[in-house]
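Here are my notes on this one, as promised. Have a look at the model before you read on.

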Amino acid sequence: MTSSVIEVDNVSKAFGGVIANKEISLTVPNGKITGLIGPNGSGKTTLFNSIVGYHPIDDGSIKFEGNEISTMRVQEIARLGLIRTFQQTRIFSKMNCIDNLLISIPHRTATFKDMFRSYDPETLDKAEALLEFVGLYQKRFLIAGELSFGQQRLLEFATALMNEPKVLLLDEPTAGINPTLINGLIDRLKRANTDFGITLFVIEHNMRVIMNLAENIYCLAHGELLAHGTPDEIQNDQRVIDAYLGAH
Amino acid sequence: MSRFLKGVDSFETNERKQLPFYIGLVGFGLIAPFLFPNYLFQIAILWIMILFAQTWDTMGGQMGYNSLGNIFFFGAGMYISAIVQVGLVYDVGVYTSAAGAGKASFTPEQYYQGIIYGTLAAAFGSALLAPILGLIMFGLRAAYFAIGTLGIALAAGELFGAWQWVGGGGGIAMPVHPGTADARAEFFYWFSFGAAVITFLALKRLYQTRFGLAINAIRDDEDKAEALGVHTLRHKIVAWSVSAFFLGISGAIFGNMTGFIEPLEVAFPTVTFGIFMVAMPLLGGKGTLWGPVMGAIVFHLVKEVTWTYLLGWQWVALGMIIIITVVFFQQGIMGWMKEKWPEKFGVVIDQTATEARNKGAAE
């Protein structure tokens, strides 16, 4: 039985007169990889931002593991184990790679006194192992801001994994990455799902990637939910094809 | 600053490499009273400047919150210690309204007791004021935070100027040190030297904890830190509180050293000390451990030399330092060294791991 870990129910969000999300309902099943696609401006990132608490939603409800989170703040939601990466890669640019990961220890149980503790050797080992996992081990002492764009993406991904999230929301993980590296990244995303047991919810523009990765896909267009199905169903859905070709 | 460098050599984590700095600085501090007995007051101010630079750097350098109002805690500490020192023996209102009458005297025992309690109260009082202000001010970011905090410092000067109980604009004459002029100079010299050393060691220790890393993360990208679940507000408040704690001590020392406190020029001197404490870490290299110390030494040296030999031009010289730093030398002394010799600071590609990997791939 697969229960759903995120339940988005009738969520609407408007910025002034622009309706970015209109009555969207979707569920992210636990332990699976779910995709979210749609043309530019269809409201994908807005939906992500709503889920992680970046802005209040106008209407509807968002549940994480059965608990309402739509009124919670970014940090509180993050501490529940719902971590996101950014479309414009965001890393701590003046710190080295190891430090970038150490920041991201799970803060769920962090007490006031924990602030003044140092890091355990196990935490350091874990950070190094994750850097090895994304292929940045040799560069772990380099300043993160000096890495190439693709490497920064990988670092951000490793940082997210370090947080031991239950669900990872990835906003276009392959955007701007060299095509030859994309296969390696797909492989790592799948391993994050299978080996670490992290549920993934992925926004992606690259159709080859998302069809390869996700088991079920939601498609947005003009802020509304257009279609939902397996990669095959989505690929053959005339409404999806029309949306991408601009028939609307 | 990278603190968790396992298996790589860095100036910032290798205590042995910092040893010459410790010996030089502490050595100078210990022998200065014997070598330069006539300049004790100026050297005491140097230690206070170093303390200023370090505490500002906790906020501006390590955490990226450029506070122009840190001078508030200096003045607050000064007034708290004055109130405690006077209040232990006399009624504060009566004492201040009789200012200049010269009747109030303190026995040596009363004096030393007062200065100990006064300094402690200044430290903890300032550290408690920081969270209160923090809850209001930390809603602001970047330039708005800088201007907002500047407003606090300016407003504090005006408010204390209107508060007659603590002497208003007329100020408070502090209890007079019971010893000779030399004994007094030495007393305040050791007091400020000790405060600067303790501040340095405390901050150094603090930067080695998770806290140090978290405030660096807030500096680099606060939104990202929030998205990872870091308790950002908690860290920001603690950072300001720590900063305020030591600034409170410096205020207590300076108030007693000067002997007379008054709101605008002594307690809340926004355009002198308030700016110096920003300029010094910038000059030395903000966000580093030794940068603020170096910046304070260079700045204070230039200040004292121009005051002595180029009187009339001293403000021009200090202005030039600030302009040159901000326009051409933003990374500061330590930042420049880090750029020039990154490998000395542990910014290296792990060659052994690279070789091992290549070897593994070849086999």
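The points below go from the ground rules to the sheet, the domains, the chain contact and the core.

1. Ground rules. This is a predicted model, so local features need pLDDT of at least 70 and side-chain atom pairs count only at pLDDT 80 or more, while totals for chains, interfaces and linings use all residues. Residues are numbered from 1 along each chain as its sequence is written, and chains are lettered from A and ligands numbered from 1 in the order in which they are written.

2. The sheet in chain A. You'll find an open, antiparallel sheet of four strands in the order β2-β1-β4-β5 (chain A); strands are DSSP E runs of at least two residues, helices are H or I runs of at least four, and both are numbered from the N terminus. Two strands pair if DSSP finds at least two bridges between them. At the edges sit β2 (18-29) and β5 (67-68) of chain A, each pairing on one side only. Inside the sheet, β1 (residues 4-15) and β4 (residues 59-64) of chain A run antiparallel and are joined by five bridges. Val8(A), for instance, has Ile62(A) in β4(A) as its bridge partner.

3. Two domains in chain A. The bounds, from an automatic or database domain assignment, are 1-81 + 169-248 for domain 1 and 88-164 for domain 2 of chain A. Their C-alpha centres are 25 Å apart. Each domain of chain A puts nine residues into the contact between them, where contact means C-beta atoms, placed from the backbone, within 7 Å. On the domain 1 side, helix α6 (residues 179-194) of chain A gives the largest share, three residues. That side has five nonpolar, two polar and two charged residues. (Nonpolar is Ala, Val, Leu, Ile, Met, Phe, Trp, Tyr, Cys and Pro; charged is Asp, Glu, Lys and Arg; the others, Gly among them, are polar.)

4. Chain A against chain B. Here 36 residues of chain A meet 35 residues of chain B. On the chain A side, α2 (74-80), β6 (82-84) and α3 (97-103) are the elements giving two or more residues. By class, that side has 19 nonpolar, eight polar and nine charged residues.

5. The core. Which residues touch the most other members of the largest nonpolar core? Ala158(A), Val202(A), Met49(B), Phe52(B) and Met280(B) do, out of 175 residues. Such a core is a set of buried Ala, Val, Leu, Ile, Met, Phe, Trp, Tyr and Cys residues joined through C-beta atoms within 7 Å; buried means 20 or more other C-beta atoms within 10 Å of a residue's own, these atoms being placed from the backbone. Helix α2 (residues 40-62) of chain B gives the most, 14 residues, and both domain 1 and domain 2 of chain A supply at least three each.

Note on methods. Contact = placed C-beta atoms within 7 Å. Buried ≥ 20, exposed ≤ 12 C-beta atoms within 10 Å, placed from the backbone.
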